[in-house]
Amino acid sequence: MKVILTLVAFFWILSVQAQCYEEAAVAYQKQLNAEYANPAESPLTEKDLKKFKSLDFYPVDMQYCVQAKLVRTPDEKPFEMPTTTDRKPIYVKYGELHFTLMGKDCKLDVFRNVELTKKEKYKDHLFLPFTDLTSGNGSYGGGRYIDLKVPEGDIIYIDFNTAYNPYCAYNYQYSCPIPPQQNDLMVEVKAGVKEYKK
């Protein structure tokens, strides 16, 4: 699947994910808008691209940037992740993220795309798909994604302000991983990109 962020912005944003920075979330939103406005990168249909001005974001709120404990699961076997089409890319569970969000204890599984991580630029890339109580009620019903980077230790920051929609939310021609059932958060994540309304 086409990478959401351009390489420069992608790695810059990951580099500041060691902590929570409001300016990083704002920069992310600007970069995402720039990509979606660019015909060479945008997942939007030709019709939608002509009238595109900006994605609809929840206001940046640093309450949605949390410190998580990463519990690595090195013995996991690769598996075929279901997508919105017949395509079944190979992923492997990298670990579990334990954190507190809005007063609730939460856990999300985080994954690696086996083929993507064979490339030097993405060897430390982690994929975090999730749904929450806003899915289908403010945010895209099919869930959202966050890109993370493998940390040196067992602490990782999850900035839900950088949660983005799969390309399928904009164009049915794309094939997108479906967030697994165990990654359904029982909390409203009012951060990141909202549902796309044409």
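Student: Which side chain does the side chain of D147 make a polar contact with at 2.9 Å?
Tutor: That of H125. Keep in mind that this is a predicted model.

Student: Where does D147 sit?
Tutor: In strand β6.

Student: Is D147 buried or exposed?
Tutor: D147 is buried, yet it has no salt bridge.

Student: Moving on. Where is P151?
Tutor: In the loop between β6 (144-149) and β7 (155-159).

Student: Why does P151 count as buried?
Tutor: Because its relative accessibility is 15%, and buried means under 20%.

Student: Which residues does P151 touch?
Tutor: L70, R72 and I156, leaving out residues up to four places away in sequence.

Student: And H125 again: how far apart are the C-alpha atoms of P151 and H125?
Tutor: They are separated by 10.0 Å. Along the chain, the two residues are 26 residues apart.

Student: New topic, helix α2. What should its 16 residues span?
Tutor: At 1.5 Å a residue, residues 22-37 should span 22 Å. The end C-alpha atoms of α2 are 23 Å apart, which agrees.

Student: Which residues of α2 are buried?
Tutor: A24, A25, Y28, Q29, Q31, L32, N33, E35 and Y36.

Definitions and conventions:
Residues numbered from 1 in each chain as written. Predicted model: local features only at pLDDT ≥ 70, side-chain atom pairs only at ≥ 80, totals over all residues. Heavy atoms only, no water. Helix = DSSP H or I, 4+ residues; strand = E, 2+ residues; numbered from the N terminus. Expected span 1.5 Å × (residues − 1). Buried < 20%, exposed > 50% of the residue type's maximum accessible area, 1.4 Å probe, protein only. Contact = heavy atoms within 4.5 Å. Lys, Arg positive; Asp, Glu negative; His and termini not counted. Salt bridge = Lys/Arg side-chain N within 4 Å of Asp/Glu carboxyl O. Polar contact = N/O pair within 3.5 Å; in protein donor to acceptor, adjacent residues only side chain to side chain.
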